[in-house]
Structures are given as structure tokens and as C-alpha cells.
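My notebook is open, and I'm going through this one piece by piece. Here is what I looked up, in the order I got to it.

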Amino acid sequence: MNQPAIAQPLKTWSHLAARRRKPSEYEIVSTNLHYTTDRPDAPFELDPDFPPAQWFKTHRNASPLKHADWNAFRDPDEMVYRTYNMLQDGQENYVFGLLDQFSERGHDAMLERAWVRHLAHIYTPARYLFHALQMGSAYLCQMAPASTISNAATYQTADSLRWLTHTAYRTAELAKRFEGQGFEGQGFGTGERAVWETDPAWQGLRELVERGLATYDWGEHFVAMNLVARPAVEEAVLRGLGQAARHNGDTLLALLCDAQLVDADRHRRWTGALVKMMLDSAGNRPVLEGWLAKWAPLGDAAMEAYSAHLPDARDAGGLARDAAGAYRQSIGL
Amino acid sequence: MLQSKIRQRRMAVAFILLIERGDDGSSQIGAEKNDKPEEHAMALLDRSEWYDLARSTNWTPTFVTDEDLFPDVMTGAQGVPAEKWEVYDEPYKTSFPEYVSIQREKDAGAYSVKAALQRSRIFDDADPGWRSILKSHYGAIALGEYAAMSAEARMARFGRAPGMRNMATFGMMDENRHAQLQLFFPHEYCPKDRQFDWGHKAYHTNEWAAIAARHAFDDLFMARSATDIAVMLTFAFETGFTNMQFLGLAADAAEAGDYTFSSLISSIQTDESRHAQIGGPALQVLIANGRKAEAQKLVDVAIGRAWRIFCILTGPSMDYNTPLAHRKQSFKEFMQEWIVGQFERALIDLGLDLPWYWDKMIAEFDYQHHAYQMGLWFWRPTLWWNPAAGVTPDCRDWLEEKYPGWNDTFGKAWDVIIDNLAAGHPERTFPQTLPIVCNMSQIPICAVPGNRWNVKDYPLDYEGRLYHFNSEIDRWIFEQEPQRYRGHMTVVDRFLAGQIQPADLSGALAYMGLQPGESGDDAHGYAWVEAYRNRRMAAE
């Protein structure tokens, strides 16, 4: 008789069972979770061609970036929700401990007036920039072809909100301290939008993120945001601004920037692992390098423009550009 | 606020460390007391002092157009311009440091309950009907929660209000959590029972209930714009309906002694009730800007779709699979309390009307899930869980009490099944024909059998194709936006189109991904028929 065999219980999910290796918690809860990638002709269990289906077929399924098995991607940090909160709760205890301690010592009162003016110019408007990064990562989360990529993007979205939160907090603190002291108009908590929209220091970065956000092919979006915009922000703003802060007696801001760079390092680890996996498929290198040729100059110009406004930071733009380039080189590009 | 938060957090961390070290005695606790951080003057700002800045992040793009940045297919702002969304004010406020702290504590609770109960025998000792609830729940919900993460991400990217984008960022995280928790727990049961593999597998198959779940969730949120998602997923679905699956089942789980499941889904519900509040202020913006009709339609479509999916998922769970002794409320009572009682008020408070079909839906509370239960049990080989019949003599008394007339309608159909089983003809209790599947719900069309027969197809001819619907509500949903649904084929459409080969039950099961060992059968191995057999023998 041709009776099919009776399926026996397995030690793990059937899609992981073939490997004969005990799966980690990370693999159990993170792998192969997108069902919309199962049928390329119809992402949703609805009409195959109505506008949202077209969006996914165009911007995800038809991306020039190809891989036979996107679900093979693994985050090198194997981050899961449970450990993310443990990690970031600890990090936030550290940051709010700093904010508490520096406030208690009267840190802001000891800042030089010239530096305080710089803060309103080159620091507090960054909340718009960080929010743009948050929006970009949320796009990557919903468009990535594998749940392991989406999860990394989710934690990156939350990290960006974290940076925005620190900036909003410090903006409010500076506004409180310097209220009525000649910062009106361009002042803390009131002037940031105008600076972000018009000041030359920010226009390169704004152009970069606006264009990156409006790029909807998931692969090109990843290149624009994770390989160009984020490294530009990290090198010019977090590292460059952090260094300028250190040189101007603003230890608090320097430490805040360093704390955020810890997140950025984690983003770079998974981004690097994903690029490595992409490069395993022969056709992807020209695609990635074509996009980089388009985006990296925008990133370089953005770093140059911003860094030129950093006080006491000689050739910060050149250093940032080199560092961003070196990062891309280190991951095989 | 935040000062005390930090103090609380330090204490919470100490507490968590204590839990993680295990239950090894009082000396540890004493040591923790001595470790208590010193009190000193805190100099942190209150959250309210900086919260508004964290949600003042809209700017005017100039390098790309506003339409480039917020394309309508993803944003769906119904023509309400960006500046009108600035008044959006989320009622439940939280911030990154509070979120990670609170969620860390919640997870420590959820996972520690699991660790403690891992050694208990609840799973082995539980009634098989209860295990079936776990299987259907995890299979239908885990990857649906993960899909909701994508939907939250759409609001985080394309929502027009910064407050909405920030809250949706926490919503993304929440749904990431719910998927991970509801994969981690059933995974523990995989070595005991192959059907638990479906906790992960169901959404990747063409099993018909999985198709129905995907169709509903894709329509409610996966294939919707940010604004639609705020209204349909967070307001209509989460405020209204997840309460049912999560609070209702949590109560039954506690009764059944399954504290793992009970505390798990209660913990999930605390996140849901936070991010469900994304929708209310979005509705207020729409209504204030003259878009009440559009908002009302989204709500009406969402409630109609949510009702169907919960009717088949939660209804049979509560009224048939939960062992009689552990039932807290009937499904109908639960619907009356949570949907009619509470949700109705939420709709009116926002200035919306009740959906036009409200009375028709309430009328369905009396019968639709009983019809679905018959379908589930009858088509049991096509399920990834073993449905409990739930029609012992005692159960029938309960059903008759909760749903007067049950014996005269559904009972009549069950009598035929029971007669065949009692007479030793189980083969006569399996389906021989194809059902007609609703082109909206993807569930077989069914209603009241027996002496009050009211089964009826609600057909629609659209562009030369004949569609079938379970009710006026399902057909009305189709008519609101036919291009969204028209090209989709039900599993029976596929069967009739020759896509499923061989064209018999074995071919259908293979198409659905069900092998022997996975395919469902009666939860209790028909042991419940014995009572009827004994009655008969006594009568003879």
C-alpha cells in the first residue's frame, strides 16, 4: 500500500529540523516568519495586483538585489526582544545616570556661551535627523525579504527613537537653563525646525535622508540608509560632534554620543553580515556598487557640510569621509 | 516621574537578578536589601517636560515632494494635509527608557512563569480539548502577530503625525515580542506532539483556516495604508476583538489550570491595550476634517472582518473545546459584554455610528459559531488540531441553557453524527462533498440547520464572475472595494480550477500541507460517544 508515513513529533520546527543541530532561542523565534514572500506573484491572500500588492511586487520582489535564500540571514548578535530590553534598559540606566549626575553638578551652567550657541546650531536640530533614521528603519522592517532582517531593522528603529529621545531631553534641559538669555528665535526647543530646514550645516544631511526615505526599492533603500546615511550620521554627528563636545568642556554630550555609538556598532555588525551574504550571489556586487556610486557622494557632501560647522575640529569632514569609506571597505565594498 | 522611575528600575533590576538566581533562600534577599541604592537628590526632568519635543519632528521636505515622502498608497491620509495631523495626541504616553524597563520586567515575569511550570504536568494532564485550543491559537496567531509588526512599521514610517510614528515604534516592538513569545512557548511542545509544529508552519501553508487567517489579517492590516491600519488594526481590531481571544481565553486558561498560557496572553494584552490607543486620535483627526464617512467605512469593514475570524477561532474554543467545568462565560455572553457593552460605547464616544449591520451581527451571536464548530469538526482531517466535539449530554444541557433551541437545530445535525458513531460507522461522519466557501471570509458558508434552517448564499456577479458570500455583511465588504478582492480564489475555487491534484481528499490534504500525524481527528478519540451508546443500550 502507498500510505504516506505518519509524521512524528520533531525536536524543533520542521523547517529547522533537517539540520540536526539544536536551534538557539534566536532561531526558534526569529526565522522564516514572513509569509508574504511565499508566493512571488501574490504577496497577499487578496487580489494579486491591487496597489499594495503591486508595491511589494515592485519594491521587494523585483529588486535588482537577488538571493536564493534571504531567510538564511542571521544577525551576528542574535538579538531577540527579550535580550534587547535587558541590554537597553541597562544602557538607559547608564545614560539617565549621566544626565542625573551632570545636572546635579550644574554642568550646563559651566558651559561657555559660545559652545551653547553651537549646541543650538549643530546639536539640538539632530532630533529631526534621528527621527528620519527611525522612519527609514521602519520602512526596511516592513519591506525586508526575511524576518531576521526585519527584526534587526526593528531594533534599529527603536535605537533611533532612543537617540531622538536623548536629544529631546537635552533640548528641554538646555531650554530650561538658558530661557530668556538671548537664544530666542533660534532657541532651544523652538528654533530647531528652522535650522534643520534652512541652515547650511544640515542641508546635506537633510537631502540625504529625504532622498533615502523616498527610495522604495528595499535594496536601494538599505544601501542609501544603512550603508551611506547612517555611517554619515555616525561619523559626522555622533563622532565628530562628540569630539567637538569633548574639546569644549561638554563631557556630557561626548558621553551621550559615545553611548549611542554602541548601538551604531551593533547596526554595523548586522549590516556587514547582510552585505557579506549579498555578495555571495555574483550579480549583487555590481548592483550594490552602482547604488553606492550614486549615494556615497551625497553622503560625503553631507558629512563635509556638517563638519565644516563643528568648532575646534580640524578636517573633521575628511576624517568622517575616510571613516565611512573605510567601514564600507571593511565589509567588502 | 522619571526620578522615581529610575529608583524603581534599580529596585526592579535587583528583583530580577534575584529571580534569575533562583529560589535559593533568604540570605540572598537580605543581601539585596543591603544593596539598595542610596537615596539622593535627583535632578532629572519629568517626562512631560520633554515629551512634546520628542514628537515635534515633522518638517517640510524640499529635496523630494511631500507626495514622494508620503505616497498615498502607504499613507492613506484621506486628503487631510500634514499640518492638520499635528493635533494628534496619543492618550497613552510612554518613552524609550520607560518602555525598555517595563517590558524587561514583563518578560522576566512571562518567561519565569514558564520556567517554573516547565516541570509541572499541566500539558500532559490537560484535557485534549484544551491542547487543541493551544494548537489552534498558536497556529492562527503567532505569525499574524509578526505580520502586525510590519503594519506597526507602516505607521512608524508613513503615519502623518510624529506622535503616531513614535507610538507605532513601540507597537512594532510589542508585536515583535508577541510573535517571539507565541513561538517560544509552542516550540517547547513540539517534541510531544507534531501538531505543535503548526505554531510556526500554519501561515506558510494552504490549509484553509490559514488561508482564512491570512485573508483577514492581510485585509485588516498587512495590505493597508498607515491611516487605515490605525483605524482598522489598532482601533477596531485590537480595542474590540483581541480582548476576546486574550482576556476570554486567559480566564478559561486559569480555570483549566494552564497558568503559563493564562499569564502569557494576559501579559500580551497589556501591550495591546497600550498600542491599541494609536487609532482613537487618528479617528478624531479624520472626523474633525470632514472624513467621518470614510472613517466609518473603515471601521465597519474592520469589525465585519474581525467578527468572522474571531467567531471561528474563539467561538468554538470557548463553547466547545474548553472543558465544561472550566467555562467562565459563553461566547455569546462574552461578545455581549465586550463587543456590545464596551466597544459600542467606544464607537459612540468618538462620534462614530454603529455599523449598519450591528443588529445582524448581534443576531449571529446565537448561531454562527455553532455552525462553524460543526464545520470544523466535520472537516477535522483538514485541521492542524484535533477539535473537541463538545456535545456530551452534559455539554448539550449547557448549550441548550446558553442558547435556547440548540437541541432543535444544531442538536439535530449532531444527532445524525452521534447515531453513526454509536452504531460503529465513523466513516459516515466524514465529508463526501465540497462546501461552498465564502469569497470574503474564506470559511464555508453555513448557518442554522435543523428545524430553523436558514442557510443561504449571498451571491454577487462582478465583472462576469460569480462570487459567493456567507452574509450581507461579507458581500457588502466586497462591494466597498472590489479591486482589493476580485482576483482571489478560495480553496474550493482552486480545487474546481484543477489546481489541487489528485482532486480528492488526499490531494486536498497534500495541498494543505497536512500529513498523517498532523491531520486532525476527534480530540477525545470519540470516547464521549460511549455515554450515548450506554444510553441506547439502557433504552433497548
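**Entry: a covered helix.** I started with α18(B), residues 368-378, and found 10 of its 11 residues buried. For helices I go by DSSP runs of H or I with at least four residues, for strands by runs of E with at least two, both numbered from the N terminus. Buried means 20 or more other C-beta atoms within 10 Å of the residue's own, exposed means 12 or fewer, and partly exposed is in between, with C-beta atoms placed from the backbone. Among the buried residues of α18(B) are His369(B), His370(B), Tyr372(B) and Trp377(B). I then checked what covers them, and the cover includes α15, α16, α17 and α20 of chain B.

**Entry: ground rules.** I noted that the model is predicted: local features need pLDDT of at least 70 and side-chain atom pairs 80 or more, while totals for chains, interfaces and linings use all residues. Residues are numbered from 1 along each chain as its sequence is written, with chains lettered from A and ligands numbered from 1 in the order in which they are written.

**Entry: chain B as a whole.** I counted 25 helices and two strands in chain B. Its radius of gyration, taken over C-alpha atoms, is 25 Å, close to the 24 Å from the globule rule (2.2 Å times the number of residues to the power 0.38), so chain B is as compact as a globular protein of its 540 residues. Its C-alpha atoms fill a box of roughly 85 × 70 × 40 Å along the principal axes. Buried residues come to 52% of the chain.

**Entry: α6(A).** I see 18 of the 18 residues of α6(A) buried, so the helix is largely enclosed by the rest of the structure.

**Entry: Lys22(A).** Buried or exposed? Lys22(A) is exposed, with 10 other C-beta atoms within 10 Å. I placed Lys22(A) in the loop between α1 and α2 of chain A.

Conventions
Contact = placed C-beta atoms within 7 Å.
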